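The structure is shown below.

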Amino acid sequence: DLSEGEVVALSGNTGYSFGPHLHFELRVTATDEPVDPLQYFSAYITDDVPPRASSVMLYPKKGWGVVSGTEGNYRMEVRDGRVVQPTIPTAWGKIGAAIAAHDYMTGTSNYYGVRHVRLYVDDVLVSESDVDRFSFDENPMLDSWTDYAERLATGAWYMRSAFAPGNSLRMLRAPRGDYGWVTIDEERDYYFRYELSDYYGNRAVYRFTVRGERQELPVVIPDYLYRLQAGEPHILSWRDLTLWLPDDALYDDLQLDFETDGKAIWQFCRV
């Protein structure tokens, strides 16, 4: 319990900081989980600014889908509140989508995470996220939810709408099944719609089209020692190496190979 006038915190400039600031969190006492503080302070804060996206990415599922004839990612810019599509991408098989976006608030230039992200295809909800709370044990799952490689390369924060099967992050949901992957198996236009909203109900909508066009799916030729399935424990042995992975170590299936310098150093290769 606090009393009026009591000092509860001091402003400082430690850590990854650009100036003196106060780091403020609300946590659930029983679980120590950080929660969205706006649900407790919304009456004291005004916000009429919706989230804003900067780009959208399409991801063919390796061995299961293609976008515009390739297995590579397909990026579309967002300008003036619209997804820019000089040409409509074609696709076949299983593809996923992701969006890079931040939320903003009235009276400040800071940016924040987006509370709600929903992806619809042909007006049917495919997947959604609701960032209301998380556990510190779930931190690695956040990296799996985002496009971590893209974040390291460009700094962009893409929130995936197709999830890894072993990612049990509570804030994610895929009501249609298949972890949010979209199956393109008809030669027609598929209408995608992202809806982003904040705690106050400010909403932004981004639409784009993917054209179903029959294309040859790439043949995946196995070239690895091990294929590890997510959700299962694994014990691997190779020469003088033994590797044990518990059942919650992998969020997605992994094709794994090893190489060595001939001495004591081993390198793990994802192929």
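How many helices and strands does the secondary structure of the protein chain contain? The model, which is predicted, has three helices and 18 strands in its protein chain. Taken along the principal axes, the C-alpha atoms fill a box of roughly 70 × 55 × 30 Å. The protein chain has 271 residues, of which 39% count as buried.

The space in the largest cavity amounts to about 50 Å³. Its lining consists of Val117, Ser127, Glu128, Ser129, Trp145, Met159, Arg160, Ser161, Phe163 and Leu172. At least two lining residues come from each of β8 (124-130) and β9 (158-160), and β8 provides the largest share, with three residues. The table gives the lining by class.

| Class of residue | Number in the lining of the largest cavity |
|---|---|
| Nonpolar | five residues |
| Polar | three residues |

**Surface region**

On the surface, a nonpolar patch is formed by Leu22, Phe24, Tyr40, Phe41, Tyr44 and Ile45. Together these residues have about 670 Å² of accessible area. One of them, Ile45, belongs to the loop between α1 (38-41) and β3 (52-67). Why does isoleucine 45 count as partly exposed? The reason is its relative accessibility of 33%, since the partly exposed class lies between the buried class, under 20%, and the exposed class, over 50%.

Terms used. Residues numbered from 1 in each chain as written. Predicted model: local features only at pLDDT ≥ 70, side-chain atom pairs only at ≥ 80, totals over all residues. Heavy atoms only, no water. Patch = residues over 30% accessible without salt bridge, like charges linked within 9 Å, V, L, I, M, F, W, Y side chains within 5 Å. Areas by Shrake-Rupley, 256 points an atom, 1.4 Å probe, with all protein chains shown as cover. Salt bridge = Lys/Arg side-chain N within 4 Å of Asp/Glu carboxyl O. Helix = DSSP H or I, 4+ residues; strand = E, 2+ residues; numbered from the N terminus. Buried < 20%, exposed > 50% of the residue type's maximum accessible area, 1.4 Å probe, protein only. 1 Å grid on protein atoms, 1.4 Å probe; cavity = no way out; pocket = protein on both sides within 12 Å on 5 of 7 lines; lining within 4 Å. Points joined across faces, edges and corners; volume = space filled by probe spheres on them. Nonpolar A, V, L, I, M, F, W, Y, C, P; charged D, E, K, R; others polar.
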